[in-house]
Amino acid sequence: MVVSRLRSEVRKQLKENGHEADWIISHVTGMSQSDFIMHPREVTDDEMRKIKDIITRRNSGEPLQYILGYTEFMGLTFKVNELTLIPRQDTETLVETVVTRIGHDHVRVLDIGTGSGCIGISIAKLCPNAEVTLLDYSDAILAVARENAEHNGVDVKLMRCDILEEIPTGEYDLIVSNPPYIETETIFSLDNIVSSYEPPEALDGGFDGLMFYHRIVEDVAKKILTEDGAIAFEIGYTQGDAVSEILHEEDFSNIKVLRDPCGNDRVVTARLKPALFS
Ligand SMILES: C[S@@+](CC[C@H](N)C(=O)[O-])C[C@H]1O[C@@H](n2cnc3c(N)ncnc32)[C@H](O)[C@@H]1O
């Protein structure tokens, strides 16, 4: 079948995920979207078989990012697997906020709950003088982050630490984190993709969704942040007031809730003393 006809066939078969057709065809054939138009060719039987397999898995609800094994975030490519959350576009708001404030400064950044490494690696890529440490609780997750750091050509440190049990070593100017923030009982009522495929450990923020914010702000931050250190959190869109209150209670100042491009509260920043987020 010639690629132009295949595109409309794949779109139809993918139903509500029809917008993913070009990504799948490009992945399997190695053709770019402009090749589809400028240099169309017949798709081989082997390629057809692979495309059909992907459509079957996709139609059973498996996220395309897990089927293909990678995704795009901040214009970079990140490997993902069943141990790592699929990086969300929402999270780009956190990275953009941090990168804008850091610029070319020499800042020691700790990315708590790094998963694929998408936040810390993007910061390291865009802020050439940032010294970034990626933290997660398991070696297997950190192995994915390490691969992504190498693939994207950045030099980062890795730290295995269960943040609920231990205090990370080192001193930092900035903690950045997209921690698990979904209320425990909500997780299994989320749509199929999230509840069936993504790791619950990446989502479960305790009964009220705020467990990691409490732990990081109340027990961790002051032990590892410099005097004028700062925090930048991703939050669920209803958590702005609650996370601000947690920071306020611990005497953080200049607490700001920032919105994502859809207008939802998405990021909270705060500082210990005037500096980064003044
Ligand atoms: C919401 S995911 C964020 C992943 C990635 N930073 C992103 O934005 O796509 C939360 C991350 O926290 C990690 N995590 C969960 N419990 C943890 C713990 N006790 N200590 C350290 N990391 C933890 C998970 O493994 C997961 O990678």
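Predicted model: local features only at pLDDT ≥ 70, side-chain atom pairs only at ≥ 80, totals over all residues.
**Notebook: strand S3 and its surroundings**

I started with strand S3 and found that four bridges tie it to strand S6 (residues 172-177), with the two running parallel.

Next I looked up S3's pairing with strand S4 (residues 131-136). Five bridges join these two, and they also run parallel. Asp-111 is the residue I picked here, and it stands opposite Leu-134 in S4. Then I followed the chain: it goes from S3 through H7 to S4, and this β-α-β crossover is right-handed.

Is S3 enclosed or open? I checked its residues, 108-112, and four of the five are buried, so the strand is largely enclosed by the rest of the structure.

Helix H7 (residues 118-126) came next. Eight of its nine residues are buried, so H7 too is largely enclosed by the rest of the structure. I wrote down the buried ones: Cys-118, Ile-119, Gly-120, Ile-121, Ser-122, Ile-123, Ala-124 and Lys-125. I was curious to see a lysine, Lys-125, on that list.

Is Asp-105 buried, exposed or partly exposed? I got 13 other C-beta atoms within 10 Å of it; buried needs 20 or more and exposed 12 or fewer, so Asp-105 counts as partly exposed. I also checked Asp-105 against Ala-130: they are 25 residues apart in sequence, but their C-alpha atoms are 6.8 Å apart in space.

On to the ligand. Which residues are closest to it? Of the 20 that surround it, the closest are Gly-113, Gly-115, Tyr-137, Ile-163 and Asn-178. I sorted the shell by type and got eleven nonpolar, six polar and three charged residues.

Last, I zoomed out to the whole protein. I counted twelve helices and nine strands. The domain assignment gives domain 1 (3-60) and domain 2 (83-271), and the C-alpha centres of the two lie 35 Å apart. By S3's numbering (108-112), that strand belongs to the stretch assigned to domain 2.

For overall size, the C-alpha atoms fill a box of roughly 65 × 40 × 35 Å along the principal axes. A compact globule of 278 residues would have a radius of gyration near 19 Å, and the protein has 20 Å, so the two agree. Of the 278 residues, 38% count as buried.

Conventions. Residues numbered from 1 in each chain as written. Near = placed C-beta within 6 Å. Nonpolar A, V, L, I, M, F, W, Y, C, P; charged D, E, K, R; others polar. Domains from an automatic or database assignment. Pairing = 2+ DSSP bridges. Right-handed = clockwise from strand over helix to strand, strands pointing away. Rg over C-alpha atoms; globule rule 2.2 N^0.38 Å.
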